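Every answer sets a value against its definition.

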Amino acid sequence: MVSLLPRIERLSSRVVRVLGCNPGPMTLQGTNTYLVGTGHRRILIDTGEPAVPEYIGCLKQALSEFNISIQEILVTHWHHDHTGGIPDICKNIPSDSEYRICKLPRVPDREEIIGEGGHKYSYLKDGDVVQTEGATLRVLHTPGHTDDHMILHLEEENAIFSGDCILGEGTTVIEDLYDYMKTLKRLLEMKPDLIYPGHGPVVRDANTRIQGYISHRTAREKQILNVFQKNVGKSFTSSELLSMVYKDIPENLLPAAEKNLLVHLKKLEKEGKVLRDASPNFRWRNNL
């Protein structure tokens, strides 16, 4: 059992974590939001969910406790448990000037509205640097969990704020596994010393965790390809494959397993290793 995370915790001389107070099966103990820097004005990374007064109270408490203010807001990706708190922060923790709120654009590009439309995003790009006193954050586009996902490399600590790309415990939900595997390999090449995740505790064995994520996905892919290789010339629906790949899975986990299977099949299709027949219903077959 992972130890309970305090609502406010100073993790290093330049990183304070404030829990989003939104626990749940997908958010673990809640979204981690971070105040980064060593000066009076800090960068806030991620903002939790909308309409969570406990979080706003905790954030106010952290700002007061450390005698700091928010310089600007960075969000790792568009999901509402990371962007949802923006309007509440702007309303309840006012600044002398309007906060700059930054993220990467969606791919393909589309209009994004914050809350009821009272605020707009400033868009970053891969390689951009955001600075505050005591902290240099380099932006890396890391798609896979979402098309707009970014991590932030804190150069002074060789640490990464990983959003939902790497979690403090368990594995994450994937939108595009082809992109995600490339993202994981890019992270592995960075050799970070530490990961500050979007959910769960700090990851201190960063490279072991990243390699573990890669190995987990590679093993599942081998299982799927083995099914096709043992059944030459046959095609299968995703439901048929599900019962062959996930043999002893509890029934309540089957919907999540099927989603997971589909992201693997779509990656294999992108790589030309499997083909999908569209009629009369979707069937998958080997192309190796």
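**Pockets**

Q: What makes up the lining of the largest pocket, by class?
A: The lining has 12 nonpolar, 8 charged and 4 polar residues. Ala, Val, Leu, Ile, Met, Phe, Trp, Tyr, Cys and Pro count as nonpolar; Asp, Glu, Lys and Arg count as charged; the others, Gly among them, are polar. The model is predicted, with local features needing pLDDT of at least 70 and side-chain atom pairs pLDDT 80 or more, while totals for chains, interfaces and linings use all residues. Residues are numbered from 1 along each chain as its sequence is written, and side-chain values use heavy atoms, without hydrogens and water.

Q: What makes a site a pocket, and which residues line it?
A: On a 1 Å grid over the protein atoms alone, a pocket is an open set of points with protein on both sides within 12 Å along at least five of seven lines; a lining residue has an atom within 4 Å of a point. The volume is the space filled by probe spheres set on the points, which are joined across faces, edges and corners. For the largest pocket that volume is about 680 Å³. It has 24 lining residues, and Val-173, Ala-256, Ala-257, Lys-259 and Asn-260 are the closest to its centre.

Q: Which helix gives the most to the lining of the largest pocket?
A: H7 does, with 9 residues. Helices H4 (177-190), H5 (206-230) and H7 (254-270) each supply at least two lining residues. Helices here are DSSP runs of H or I with at least four residues, strands are runs of E with at least two, and both are numbered from the N terminus.

Q: What is the volume of the second largest pocket?
A: The space in it is about 390 Å³. Of its 18 lining residues, Met-26, His-145, Asp-164, Thr-172 and Val-173 are the closest to its centre. By class, 6 are nonpolar, 8 polar and 4 charged.

**Helix packing**

Q: Why are H4 and H7 called roughly perpendicular?
A: Their angle is about 85 degrees, with the axes 8 Å apart. Angles of 65 to 115 degrees count as roughly perpendicular, under 35 as roughly parallel, over 145 as roughly antiparallel and the rest as oblique. H4 and H7 are therefore roughly perpendicular. Leu-177, Tyr-178, Asp-179 and Met-181 of H4 make the contact with Val-263, His-264, Lys-267 and Lys-270 of H7. Contact means heavy atoms within 4.5 Å. Axes are lines fitted to C-alpha atoms over the stretch in contact, and angles run from 0 to 180 degrees between N-to-C directions.

Q: What makes H6 roughly perpendicular to H7?
A: Helix H6 (residues 238-245) packs on H7 at about 105 degrees, with axes 10 Å apart. That makes the pair roughly perpendicular. The contact has 8 nonpolar, 2 polar and 1 charged residues.

Q: Why are H5 and H7 called roughly perpendicular?
A: H5 and H7 pack at about 75 degrees, with axes 11 Å apart. H5 and H7 are therefore roughly perpendicular. Their contact has 6 nonpolar, 2 polar and 4 charged residues.

**Rings and backbone**

Q: Why is the pair of Tyr-34 and Phe-161 called edge-to-face?
A: Rings of Phe, Tyr and Trp (its six-membered ring) pair if their centres lie within 6.5 Å; planes over 60 degrees apart are edge-to-face, under 30 stacked and the rest tilted. The count comes to 5 aromatic pairs. In this one the centres are 5.0 Å apart and the planes at 65 degrees, so the pair is edge-to-face. Tyr-34 lies in strand S3 (residues 32-36) and Phe-161 in strand S11 (residues 159-163), so the pair ties together parts 127 residues apart in sequence.

Q: Which residues does a cis peptide bond join?
A: Val-107 and Pro-108, with omega about -5 degrees. Pro-108 lies in the loop between strands S6 (101-103) and S7 (121-123). Most peptide bonds are trans, and most residues other than glycine have a negative phi. Leu-28 is not a glycine, yet has a positive phi of about 55 degrees.

Technical notes
1 Å grid on protein atoms, 1.4 Å probe; cavity = no way out; pocket = protein on both sides within 12 Å on 5 of 7 lines; lining within 4 Å.
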